Amino acid sequence: MTHSLRHADATPYASSLIEGLRDFGYSLETSLADIVDNSITAGARRVDILANTTGEHPWIAVVDDGSGMSEQALVDAMRPGSRNPKEDRLADDLGRFGLGLKSASFAQARKLSVYSRSENEGICATWDLDEVAKSNAWQISLQDAFTHPAIQNMNGPSGTAVIWRKLDRLDGGYRNSAADRARTINASLSQAEQHLRLVFHRFMEGARPRLKLFLNGRLLAPIDPFAESNPATQFDQPDDLPLSKGIVGIRCVTLPHHKKMSKVAWDETGGPDGHLKSQGLYIYRADRLIIAGGWLGLTRQTELTKLCRVKIDIPNSMDADWKIDVKKASAQLPPVVRDRLRKVVERFVGTSKRTYRKRGRKLVDEQRDVMWGQIKTDENIIFRPNLEHPVFEEFRDRLNDDQLAKAFNNCIALLGATLPIETLHADLLGTSEAVISDPVALDALRQQIEALVPKLLERNIPEANIPDVLRNDDLIKANWADAEPIILEFLGENK
Ligand SMILES: Nc1ncnc2c1ncn2[C@@H]1O[C@H](COP(=O)(O)OP(=O)(O)OP(=O)(O)O)[C@@H](O)[C@H]1O
Ligand SMILES: [Mg+2]
C-alpha cells in the first residue's frame with residue numbers, strides 16, 4: 001500500500017472565528033490601552049479618546065495624529081494576524097501579534113471602523129460582525145468619503161481614527177434605557193481613565209511630553225506609581241541584570257508614608273484596590289506599563305511591605321522569554337530573572353519589615369508616659385494599658401479607696417484584655433488609613449494634661465519647656481490646637 005500525502009481545505013469559518021476574537025479577556029481599559037499602543041507606535045504626539053455615550057447609538061473613538069496608513073496598509077492592518085509575532089520589531093514598537101487592533105476592538109464593539117489618512121488622502125475600512133455573520137466571508141468594506149463626528153477635528157496631514165460602534169458589551173444591553181446605557185459606559189470609561197494615566201505615565205510626563213492624551217477634550221495627567229517627584233520617595237541602588245537579549249532594569253523603591261503625600265497622590269498611587277494590593281512589581285515593556293503591582297509569587301503582600309515597589313524595565317526584544325500576552329496585561333518571569341528578583345525582593349522586603357518594627361519600638365520608648373505599653377516576649381507582643389500612666393494614677397488618688405482603686409484597675413485591665421486584635425488586623429489589611437482611633441473629647445484631653453503637667457514638674461522639668469515636652473505625646477500632638485491653650489491656662493493657674 002502506498003501512502004500518499006493529501007490535503008483538505010481547513011479555512012476557518014469567518015463567522016465563528018471572528019466571534020472568538022472577542023473573548024481574549026479584554027476590559028475597556030485594556031482595550032483602549034492596546035489601541036493607544038498602536039498610536040504611540042505610529043509616532044502620535046496627541047491622542048484623543050472621544051466618547052458619545054448619551055446618544056441612541058453610543059460610540060467610542062481613539063483619534064491620533066500619527067503617521068497614518070495608505071489604503072494597502074490599512075487593509076493589511078484590518079487583517080487578524082497582520083504581523084508575525086516572531087518578526088523582530090523596532091525597539092519602540094509596542095505591538096507584537098498583529099491582532100490587538102481587532103481583538104481589542106471586537107471585545108467592546110461589533111462594528112470597527114478605522115479611518116486613516118496619510119499624505120492627505122483619507123480612507124476608511126470597516127469590520128461589521130453582523131455582516132460577517134451573514135456572509136461568512138473575511139470581508140471588510142472600504143469607503144473613500146467617510147464622515148463621522150470623531151474625525152471632524154482631524155486637520156493634520158496624517159492620522160488615524162479607530163471608531164467603535166454597536167457597543168453591545170459595554171452598554172449593559174439594549175433593553176436598558178439610553179440613560180442607563182450612558183451611565184454604564186461612563187462608569188467603565190472613568191475606570192479606564194485611571195488605567196491609561198498609569199499605563200502610559202512615562203509618555204505623558206515632563207514639560208514637553210512625548211504624548212498628550214485627552215479624554216473628550218480634557219488633557220489627562222500621568223499617574224506615577226513611584227511618586228518620583230515626592231522627595232520622600234526612597235530609591236535603592238539599581239540591581240540591573242544584563243542578559244544576552246538586553247538589560248533588565250531592576251530598582252527597589254519605597255513610597256513615602258501616607259502622611260508625606262497629598263491625599264490625591266496617595267489615592268492615585270494606591271489605585272482602585274488600595275496600597276496593600278498595589279505593592280509589588282511594576283514591569284515596563286518599552287516604557288509602557290504592563291504589570292502594576294503584585295509579587296508574582298516572590299513574596300506575600302503584607303501590611304508591613306505595602307510601600308514597597310520594584311521598578312522593572314524590559315525591552316521588547318525579550319517578549320518571547322517573558323510570554324507577553326496579546327492584551328499586554330500579563331507576563332511571566334523568565335527563570336534567570338526570577339532567581340535574581342527573588343534575592344532582591346527578599347532583601348528589600350526584609351529591610352522594610354525591620355524599619356517598620358524599629359520605628360514602632362522607638363516611638364514607644366521615646367515616651368515614658370504611654371497609655372498603651374507594648375510588651376515583647378520571645379513569642380508574643382502584648383499590648384497592655386499602662387496602669388502607671390499619670391491619668392490613671394491621679395484618678396486612683398482621687399478615689400482614695402483601695403477597693404475602688406482595685407476595681408478601677410480591673411476595668412482598665414479588662415479593656416486591654418479585650419482589645420479586638422482580630423478585627424483590627426482584618427480592618428488594617430483592608431484599608432489601613434481608614435482605621436483611626438476615637439477622636440478625644442475636650443474634657444478628656446484636659447484630664448490628660450492636668451495629670452501629666454504635675455508629673456513633669458515633679459521630674460524638675462522647667463515650666464517653660466513643658467509645652468514642648470507634652471507635644472511629644474501622640475494624643476496631645478494630634479490635638480495641639482485644643483491642647484495648647486489648656487496647657488498654658490493650667491500652667492498659669494499653678495503659678
Ligand atoms: N493608529 C495607527 N496608526 C498607524 N498604523 C496603525 C495604527 N493602528 C494600527 N496600525 C497598523 O496596523 C497593524 C496592526 O495593528 P494591531 O494592533 O492589530 O497589531 P500590532 O500592533 O502589530 O500587534 P499587537 O497585536 O501586539 O497589538 C500595526 O502593526 C500597524 O502597522
Ligand atoms: Mg497593536
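Biologist: Where is Glu422 found?
Modeller: Glu422 sits in helix α14, which covers residues 421-431. Keep in mind that this is a predicted model.

Biologist: Is Glu422 buried or exposed?
Modeller: Exposed. Glu422 has a relative accessibility of 68%, and the cut-off for exposed is over 50%.

Biologist: And what separates Glu422 from His7?
Modeller: Their C-alpha atoms are 67 Å apart. Along the chain, the two residues are 415 residues apart.

Biologist: OK, zoom out. How is the chain divided into domains?
Modeller: Domain 1 runs over 14-219, domain 2 over 234-361 and domain 3 over 372-493.

Biologist: How far apart are the centres of domain 1 and domain 3?
Modeller: The C-alpha centres of those two domains lie 60 Å apart.

Biologist: How many helices and strands does the chain have?
Modeller: There are 18 helices and 16 strands.

Biologist: What percentage of the residues count as buried?
Modeller: 43% of the 495 residues.

Biologist: Now the inside. How many residues are in the largest nonpolar core?
Modeller: It has 52 residues. Leu32, Ile60, Trp164 and Phe200 have the most contacts inside it. Helix α2, residues 28-41, supplies the largest share of this core, with 6 residues.

Biologist: What does Leu32 touch?
Modeller: Leaving out residues up to four places away in sequence, Leu32 touches Ile49, Ile60, Val62, Trp164, Leu189, Ala192 and Leu196.

Biologist: Switching to Thr160. Which strand is it in?
Modeller: Thr160 lies in strand β6, residues 159-165.

Biologist: Why does Thr160 count as buried?
Modeller: Because its relative accessible area is 8%, and buried means under 20%.

Biologist: Which side chain does Thr160 make a polar contact with?
Modeller: The side chain of Ser116, at 2.8 Å. Beyond four places away in sequence, Thr160 touches several residues, including Val62, Asp64, Met69, Tyr115 and Met154.

Biologist: Next, charges. How many salt bridges are there in the whole structure?
Modeller: The search finds 29. One joins Asp287 and Arg210, with the closest N and O atoms 3.0 Å apart. That pair links distant parts of the chain, 77 residues apart. Asp287 is in the loop between β12 and β13. Arg210 is in the loop between α7 and β7.

Biologist: Are those two buried, exposed or partly exposed?
Modeller: Asp287 is partly exposed at 23% relative accessibility. Arg210 is also partly exposed, at 42%.

Biologist: What does Asp239 pair with?
Modeller: Arg347, in a salt bridge of 3.2 Å from N to O. This pair links distant parts of the chain too, 108 residues apart. Asp239 is in the loop between β9 and β10, and Arg347 is in helix α11. Asp239 counts as buried at 15% relative accessibility, whereas Arg347 is partly exposed at 42%.

Biologist: Last one. Which residues are linked in a network of salt bridges?
Modeller: Glu19, Arg110, Asp128, Asp130 and Lys166 form such a network.

Key. Residues numbered from 1 in each chain as written. Chains lettered and ligands numbered in written order. Predicted model: local features only at pLDDT ≥ 70, side-chain atom pairs only at ≥ 80, totals over all residues. Heavy atoms only, no water. Domains from an automatic or database assignment. Core = buried A, V, L, I, M, F, W, Y, C linked by side-chain atoms within 4.5 Å. Buried < 20%, exposed > 50% of the residue type's maximum accessible area, 1.4 Å probe, protein only. Helix = DSSP H or I, 4+ residues; strand = E, 2+ residues; numbered from the N terminus. Contact = heavy atoms within 4.5 Å. Polar contact = N/O pair within 3.5 Å; in protein donor to acceptor, adjacent residues only side chain to side chain. Salt bridge = Lys/Arg side-chain N within 4 Å of Asp/Glu carboxyl O.
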